[in-house]
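I opened this entry to go through charges, backbone angles and rings in turn. My notes follow in the order I looked things up.

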Amino acid sequence: MSRTIGVENTFDDTQTEWPQVSWESVLDRDPTVIVLGDLRRKSQTGDKLEDKIKFLESNPVTQRLTAVRNKRYVIMNGADMNPSIRTVDGAEKLSEALVELGLTR
């Protein structure tokens with residue numbers, strides 16, 4: 001999606017679809033924006049958007065991220081983030097959110 005709309009994914013240099021990385025490596029790359037999936041599954045701890053934001057804003061490492069300090073979150077549902085026909089919707093939502101945040105035109 002990031003290539004489609006002309007922005008850089010912080011972990012674009014990885015070859016795996018969903019790379020497993022440490023929060024320290026995220027801090028090293030310090031993203032401007034964080035895309036959060038609001039999965040709404042009640043069976044998995046931490047899948048709800050509110051839980052993710054609470055973690056990001058309270059964890060000593062993640063609260064230092066530029067995106068977190070500026071509360072630059074792009075919220076998407078999980079289906080929009082997986083490679084499928086819904087990727088088109090996801091790319092549009094991401095593009096619109098970045099314009100709303102004043103980061104692109």
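**Salt-bridge network.** I began with the charged side chains. Asp80, Arg86 and Lys93 are linked in a network of salt bridges. The model is a predicted one, and I kept that in mind throughout.

Lysine 93 bridges to aspartate 80, with the closest N and O atoms 2.4 Å apart. Lysine 93 sits in helix H6 and aspartate 80 in helix H5 (residues 78-81), so the pair ties together parts that are 13 residues apart in sequence. Is aspartate 80 buried or exposed? I found a relative accessible area of 0% for aspartate 80, so this residue is buried. Lysine 93 is partly exposed, at 35% relative accessibility.

**Other salt bridges.** How many salt bridges does the structure hold? I noted five. Among them is the bridge between aspartate 13 and arginine 29, where the closest N and O atoms are 2.7 Å apart. This pair links distant parts of the chain. Aspartate 13 is in the loop between helix H1 (2-5) and helix H2 (23-29), arginine 29 is in helix H2, and the two are 16 residues apart. Aspartate 13 counts as exposed, with 52% relative accessibility. The cut-off for exposed is over 50%. Arginine 29 comes out as partly exposed, with a relative accessible area of 36%.

I also logged the bridge from aspartate 12 to arginine 3. Its closest N and O atoms are 3.0 Å apart. Arginine 3 is exposed, at 65% relative accessibility, and aspartate 12 is partly exposed, at 32%.

**Negative patch.** Which residues form a negative surface patch? I listed Asp89, Glu92, Glu96 and Glu100. I checked one of these further. Aspartate 89 lies in helix H6, which covers residues 87-100. Its relative accessible area is 33%, so aspartate 89 is partly exposed. A patch residue needs over 30% relative accessible area and no salt bridge, and the 33% of aspartate 89 is in keeping with the area condition.

**Backbone angles.** Aspartate 30 has a phi near 40° and is not a glycine. Where is aspartate 30 found? I placed aspartate 30 in the loop between H2 and strand S1 (34-37). Aspartate 30 is partly exposed, at 30% relative accessibility.

Lysine 71 also has a positive phi, near 50°. Lysine 71 is in the loop between helix H4 (66-69) and strand S2 (73-76). With 51% relative accessibility, lysine 71 counts as exposed.

**Aromatic rings.** Last, I searched the whole structure for ring pairs and found one. Tryptophan 23 and phenylalanine 55 make up this pair, with 5.6 Å from centre to centre and 45° between the planes. Why is the pair called tilted? Planes under 30 degrees apart count as stacked and over 60 as edge-to-face, so the 45° here falls into the tilted class.

Tryptophan 23 is partly exposed, with a relative accessible area of 37%. Phenylalanine 55 is partly exposed too, at 32% relative accessibility.

Definitions and conventions. Residues are numbered from 1 along each chain as its sequence is written. This is a predicted model: local features need pLDDT of at least 70, side-chain atom pairs count only at pLDDT 80 or more; totals for chains, interfaces and linings use all residues. Side-chain values use heavy atoms; hydrogens and water are left out. Patches are made of residues with over 30% relative accessible area and no salt bridge: like charges are joined within 9 Å, nonpolar side chains (Val, Leu, Ile, Met, Phe, Trp, Tyr) within 5 Å. Accessible areas come from the Shrake-Rupley method with a 1.4 Å probe; for residues, only the protein chains shown count as cover. A salt bridge is a side-chain nitrogen of Lys or Arg within 4 Å of a carboxyl oxygen of Asp or Glu. Lys and Arg count as positive and Asp and Glu as negative; His and the chain ends are not counted. The place of a charge is taken as NZ of Lys, CZ of Arg, CG of Asp or CD of Glu. Helices (H or I, at least four residues) and strands (E, at least two) are DSSP runs, numbered from the N terminus. Buried means under 20% relative accessible area, exposed over 50%, partly exposed in between (1.4 Å probe, protein chains only). Rings of Phe, Tyr and Trp (its six-membered ring) pair if their centres lie within 6.5 Å; planes under 30 degrees apart count as stacked, over 60 as edge-to-face and the rest as tilted.
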